[in-house]
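Please walk me through this structure in the viewer, one selection at a time.

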Amino acid sequence: EKPVDDQPIIRPIAWTQVNQHDFTQIRRLAGVVEPVETANLSFLVSGKVDKVNVKLGQNVTDGDQLASLDQRSFNLNYQSAEAQLEQAEASYVEASNEFSRYSELVKQGVVSRSGFDTAKSNFESARSSRNVAQTRLDIARKDLQDSRLMAPYSGVITKRNVEPSQQVSVGQAVFEIEGKDGLEVQVTVPETIIQQLKSGMNLPVHFPALPKITLQGVI
């Protein structure tokens with residue numbers, strides 16, 4: 001028989017030395033990360049989409065054309081307004097010459113006062129019609145420009161809700177763009193610790209989906 005070992009078994013333990021340190025309380029607050037600069041983009045005029053020039057996630061530069069509507073109706077409206085302005089200009093010039101002629105003749109007593117008043121009324125009416133025609137041309141030109149959707153600033157397309165041949169209305173969101181000015185975190189802070197936070201204070205920001213990444217945020 002083998003000899004029996006009666007010595008007690010000493011079990012290993014994990015240990016650490018306790019050190020004195022300052023008491024620090026850590027509070028973790030949940031928040032939402034959002035881009036500093038973001039906007040929903042839409043056309044200022046309604047129409048049928050002709051071209052879509054960008055894809056989801058594409059980087060764009062300030063002034064890039066993102067999409068455009070069918071130009072035919074806008075071009076026709078612009079040409080019609082341009083022709084109306086030319087006609088109004090011709091009528092204005094004719095009425096202006098007539099008014100100038102009557103102004104000289106009434107001083108000489110050759111024509112009656114009623115004829116002068118009629119010429120003056122026609123001149124003012126022609127001037128008003130010319131101003132209205134100019135305004136219509138400006139509106140038609142603006143509608144033509146607004147039929148092309150441009151990037152308001154450099155950024156990334158994060159939403160695309162439009163396809164070619166789709167009918168869109170005024171104000172309908174067709175793209176969402178996020179700028180490249182960084183991120184911000186919106187946090188709801190309990191009133192018990194709100195007085196401990198100050199402007200310019202640095203705080204670490206952790207992401208549950210990205211455990212290896214820690215950013216420094218500034219209040």
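Start by colouring the chain by burial: buried residues make up 23% of its 219 residues. Keep in mind that you are looking at a predicted model.

Next, go back to a cartoon view. Two helices and twelve strands are there to find. Why is the chain described as more spread out than a compact globule? Its radius of gyration is 37 Å, well over the 17 Å that the globule rule gives for 219 residues, so the chain is more spread out than such a globule. Turn the model and compare the axes: the C-alpha trace spans about 150 × 45 × 25 Å.

Now select strands 6, 5, 3 and 8. They form an open sheet in the order 6-5-3-8, with antiparallel pairing. At its edges are strand 6 (148–150) and strand 8 (167–168), each pairing on one side only.

Zoom in on residues 47–52, which are strand 3, and residues 65–69, which are strand 5. How many bridges join these two strands? Three bridges join them, and the strands run antiparallel. Click on Val 49: opposite it, in strand 5, stands Leu 69.

For a last stop, colour by charge. The chain has 23 positive and 27 negative charges, and their mean positions are 3 Å apart. As for contacts with a separation of 6 or more, 71% are between residues 24 or more positions apart.

Definitions and conventions:
Residues are numbered from 1 along each chain as its sequence is written. This is a predicted model: local features need pLDDT of at least 70, side-chain atom pairs count only at pLDDT 80 or more; totals for chains, interfaces and linings use all residues. Side-chain values use heavy atoms; hydrogens and water are left out. Helices (H or I, at least four residues) and strands (E, at least two) are DSSP runs, numbered from the N terminus. The radius of gyration is taken over C-alpha atoms; the globule rule is 2.2 Å times the number of residues to the power 0.38. Buried means under 20% relative accessible area, exposed over 50%, partly exposed in between (1.4 Å probe, protein chains only). Contact means heavy atoms within 4.5 Å. Lys and Arg count as positive and Asp and Glu as negative; His and the chain ends are not counted. The place of a charge is taken as NZ of Lys, CZ of Arg, CG of Asp or CD of Glu. Two strands pair if DSSP finds at least two bridges between them.
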